[in-house]
Structures are given as structure tokens and as C-alpha cells.
Amino acid sequence: MRKLAFSYLIPAMTAVMIISCDRTNEPEPEPVLPPEAPVITDLSETLDDEQLSSTIRFEVKIGVADSAFTFVTAPDGEEIYRNSVTIGSTTIIDLKDLDPGTVYTVNASAVNMSVEDGLLTSSATLEISTAAEPEPEPEYLTLIDATENSYAFRVYSKSETGFWFTSGEYAALDYIVPGWSTDNQESLEQILMYLYPFEGMGDMTIECVDGEQPEWAEIPIEVFPDTHYFILAADKDAEGNIIGDVAFLDFNTL
């Protein structure tokens, strides 16, 4: 009986050994690697001109990852935008109501999760600037300076055929067109054409100095101290006809 019992144990031990050997041959799990880094592309050049000073447009491309997100910070570090990004695709984002002439930092991160190493992250960063706010367009007619014996003014005209301009002593206006008024465009046109106006072009600064004769003038200019003067200017067509309104301003020399 003892011999039989011993013989029964041999097959059982053999089976245990076989099972143990099979377990040691199981393949090791592949390690989790950081995802491919995101790609950020500035697309602000595709915006309309009126959007450039208040909006940035960018593209975020994400490859294979467990999750991904993007966020944007202002120059002071404040986070002004955060959102998840679709995996394995390209996302275009418009961020509006921003400050003009300001550099914003766009960040994108892709994440893989590992049991052993935790979160494995790959990131990208790109600085994108909004355009500076455009300078306001100059007024059509502006006074630059006035002294005892000189004055200067600027006409900002977009007319391809130029403009008319003239100036003189304010006291003469009632004589030229009695009852004239700055609210009456017809009376301003009459004054301008009565005075045989000079011709200008584009964005032009006109200086009037006592005793000097500019290229556009036929005789030397007279400028008196402490005197009330006026200036008139208006765009014209190729035939010399006035186009649009006549601009008017008045001032005193020192």
C-alpha cells in the first residue's frame, strides 16, 4: 500500500511543474509611451482685416493619445481659455474679444495613462499676437499751427483727381457771399470757387508764411498777427467740379 501511494504522487507533482513553467512563458505587457507631441499652427492671417486686432485663429493637431486639451494664457499668465481637443484629428479655434497688439500663448497637451508611471504628457506651445489697433483716419481738414506771421494746415484727400483749397481773412466772407453759413454747402462752394482756389493732391500739408511765395501761389502770401482767418477745401473731379462737401475751419493768428 505504501508503494501505491507513492506512485500516485508522481503524476501530481509533474502536473504542478508543467503549470508553473507555462506561466513563466507569458509575454510581458508593452510599456506605455508618451504620446506624439501636438502641432499648433497660427491661422490668424486667414481672418478678415477687421478681426485681426481682436481675434486669434489657430489649429491644433493631435495624434494618437488617451486624451488631449488646449489652453491659452494672456501676457500676465492668466488663463483665458481651456477646452478638450478631439483625439486623432485637427481642430481650428477662434478666440475672440482679445486686446489689440497683445501676445497670447497657446498651449496644447496630449496625455497617455500608465499604471506604473501615471500620466505621460507631450506638449507644444506657440505665441500668437493680435494686430495693433489701426490708427484712426485723419480728418479731411485740420489746422496744424498758427503764429503771428504764419499758419499751416493739412488736407487729407483720397480723391484721385485732387482737391481745391483756399484761405483768407474771415472778415471778407460776408462781402463775398452775403448771408453765407457753414450749414449752407452751396454758399461755401460759391466762396471757394469765387477765390480762384489752388489745386492740391493726396495727403498735403500747406504752409502759409508772411512774405513767402509757395510753389502753388502766384504772389507772395500776407499773414497778419491777431487776425481771424478761414480755410476751405473740397475734392474735385477731372473737370474741376467740386465733389462732396466743402470743409471749413477758422482760427486766429497770435
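User: How are helices and strands defined here, and how many of each are there in the protein?

Analyst: Helices (H or I, at least four residues) and strands (E, at least two) are DSSP runs, numbered from the N terminus, and there are three helices and 14 strands in the protein. This is a predicted model, in which local features need pLDDT of at least 70 and side-chain atom pairs count only at pLDDT 80 or more, while totals for chains, interfaces and linings use all residues. Residues are numbered from 1 along each chain as its sequence is written, and side-chain values use heavy atoms, with hydrogens and water left out.

User: Why is the pair of Y151 and Y229 called tilted?

Analyst: The ring centres of Y151 and Y229 are 5.3 Å apart and their planes stand at 40°, so the pair is tilted. Because Y151 lies in strand β9 (residues 150-156) and Y229 in strand β13 (residues 228-236), the pair ties together parts that are 78 residues apart in sequence.

User: How do you know whether Y151 and Y229 are buried or exposed?

Analyst: Buried means under 20% relative accessible area, exposed over 50%, and partly exposed in between (1.4 Å probe, protein chains only). Y151 has 5% relative accessibility and therefore counts as buried, and Y229, at 2%, counts as buried too.

User: Why is the pair of F165 and W216 called edge-to-face?

Analyst: The rings of F165 and W216 have their centres 5.1 Å apart and their planes at 75°, so the pair is edge-to-face. This pair links distant parts of the chain, with F165 in strand β10 (residues 163-169) and W216 in the loop between β12 (203-209) and β13, 51 residues apart. F165 has a relative accessible area of 1%, so this residue is buried. Ring pairs also link Y151, F153, F163, F165, F198, W216, Y229 and F251 into a cluster.

User: What makes R82 a charge over the ring of F71?

Analyst: A charge sits over a ring if NZ of Lys or CZ of Arg is within 6 Å of the ring centre and within 35 degrees of the ring normal. R82 lies over the face of F71, at 4.6 Å from the ring centre, and K236 lies over the face of W164, at 5.3 Å from the ring centre.

User: How do you know that D97 and Y196 are exposed?

Analyst: D97 has 76% relative accessibility and therefore counts as exposed, and Y196 counts as exposed because its relative accessibility is 70%. D97 is placed in the loop between β5 (90-95) and β6 (103-114), with a phi near 60°, a positive value in a residue other than glycine. Y196 lies in the loop between α3 (185-194) and β11 (198-200), and Y196 has a positive phi of about 45° although it is not a glycine.

User: What makes a contact, and what share of those with a separation of 6 or more joins residues 24 or more positions apart?

Analyst: Contact means heavy atoms within 4.5 Å. Residues 24 or more positions apart account for 63% of the contacts in the protein with a separation of 6 or more.

Terms used
Phe/Tyr/Trp six-rings, centres within 6.5 Å; stacked < 30°, edge-to-face > 60°.
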